Amino acid sequence: MAYRIINGNSIEEMNNLPANSVDLVFADPPYWMRTEGVLERVEGTEFDGCDDEWDQFETLEDYEIFTRNWLTACYRVLKPNGSIWVIGGMQCIYTIGEIMQEIGYWFINDVVWFKKNPTPNFKGTRLNNSHETLIWACKRKNARFTFNYKTAKELNTDTVADDEYAHGIRKQLGSIWRIPVCAGNERLRDDQGNKLHNTQKPEELLYRVIAISSKIGDTVLDPFGGTMTTGAVAERLGRNSIMIERDARYCEYGERRLAAVTFEDSNIARATYDVKPVRVTVPEMIEHGFFTVGESFCFRDGIEVATLQADGKLLWNGQAIDMHSCAAKARGAQAKRLNGFDYWYVIRDGNPKSINEIREEYRAQI
Ligand SMILES: C[S@@+](CC[C@H](N)C(=O)[O-])C[C@H]1O[C@@H](n2cnc3c(N)ncnc32)[C@H](O)[C@@H]1O
């Protein structure tokens, strides 16, 4: 896929991009951390937090003007059915959220990124700040934004234990994500071996964001590129990316990072879990020899319950009814309909065989 790194001011550069042209925005803006003085660990060594020049603002009003400008620029370049993720800490996320709503963004979810290995509150003077918040939004209430629901389930290791996951158990992905902060080998270092950037985000976080809210071949924009984490993950997942960053040094190291990434073809990248199967009907399968008119339909025990009619209905107790209602009636269920494909079997080679399995064989053939 193609990536583009633009060294410049994000507001000006976004205003040079065509309107309605990007599918997804991920923005990790300056948080205006307001850190003062030297932060020390308990044993006295200095902690390298974020006191960078790019994170300095004079007043709340200055920060609000900056936030409004870049969020407005994102709104213009985002496609009508695109979506945006903005990450922030307690210092900025409330300001950002309010301005987003004033601009017209419609909130989809807010996600808590729970840091498995947060920086401690060294002096024990308040709670350990162990999360950041992501706001996921689209341009209007009824936007048809991409959400790869089943792919998200595949990525849910937060509420599914390892052994459950290994046994195929999947649950809906929730809005609390347990992901460690970027550390170890993942942290980029400059040529002198020093930490390159103070606020590099973990790839795992971006992997979830991009995999669940965009499609392969889409274009992802990050107006505050930093070490280009968004571009690196977009590349891995087969998405195009546009990265804007005003610091030439970060762009240079980011260029090296992106040049080394290759597309990792996978079901997650292609969101194959979310591809809707082709709709097929029973009469169509009769026509192609997968079922026979008059054959017995049974449950798992193989005892005949009903017989198949040419129109796909089942003859049961003298009435012809659709197979879903028939499954419910024949099983004495409270529901009026059960998914017949989950319940009905036919005899093949002397044994009951699920009609769902037969449907899959038919789909594979067509
Ligand atoms: C919070 S960091 C992003 C870190 C990034 N997500 C990563 O994983 O490396 C914000 C970045 O935005 C850049 N930046 C700040 N203001 C900017 C502006 N007006 N235009 C372009 N880049 C800007 C800073 O230089 C900084 O690298």
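Visitor: How do the residues of the shell around the ligand divide into nonpolar, polar and charged?

Guide: Ala, Val, Leu, Ile, Met, Phe, Trp, Tyr, Cys and Pro count as nonpolar, Asp, Glu, Lys and Arg as charged, and the others, Gly among them, as polar. Here the shell holds five nonpolar, eight polar and five charged residues. The model is a predicted one: local features need pLDDT of at least 70, side-chain atom pairs count only at pLDDT 80 or more, and totals for chains, interfaces and linings use all residues. Residue numbers run from 1 along each chain as its sequence is written.

Visitor: Which residues around the ligand are the closest?

Guide: A residue is near a molecule if its C-beta atom, placed from the backbone, lies within 6 Å of it. The ligand is surrounded by 18 residues, and the closest are Asp-28, Phe-224, Gly-226, Thr-227 and Thr-229.

Visitor: How many residues has the largest nonpolar core?

Guide: A nonpolar core is a set of buried Ala, Val, Leu, Ile, Met, Phe, Trp, Tyr and Cys residues joined through C-beta atoms within 7 Å. A residue is buried if 20 or more other C-beta atoms lie within 10 Å of its own, exposed if 12 or fewer, and partly exposed in between, with C-beta atoms placed from the backbone. The largest core has 56 residues, and those with the most contacts inside it are Val-25, Cys-74, Ile-84 and Ile-210. Helix α6 (residues 203-213) gives the most to this core, namely seven residues. Apart from it lies another core of 15 residues, including Val-282, Phe-297, Leu-308 and Ala-330.

Visitor: Which residues of helix α11 are buried?

Guide: Helices (H or I, at least four residues) and strands (E, at least two) are DSSP runs, numbered from the N terminus. In α11 (residues 323-330), the buried residues are Met-323, Cys-326, Ala-327 and Ala-330. Seen down the helix axis, these fall within an arc of 105°, so they line one face of α11; the arc is that of the directions from the axis to the C-beta atoms. Their cover includes β12 (304-308), β13, β14 and α12 (340-343). After α11 comes Gly-332, with a positive phi near 65°.

Visitor: Where is Ala-271 found, and is this residue buried or exposed?

Guide: Most residues other than glycine have a negative phi. Phi of Ala-271, however, is positive, near 50°. Ala-271 is found in the loop between α9 (267-270) and α10 (282-287). Ala-271 is buried because 23 other C-beta atoms lie within 10 Å.

Visitor: Is Asn-317 buried or exposed?

Guide: Asn-317 counts as exposed, because it has 10 C-beta neighbours inside 10 Å. Its phi is also positive, near 50°, and Asn-317 lies in the loop between β13 (314-316) and β14 (319-321).

Terms used:
Two residues are in contact if their C-beta atoms, placed from the backbone, lie within 7 Å.
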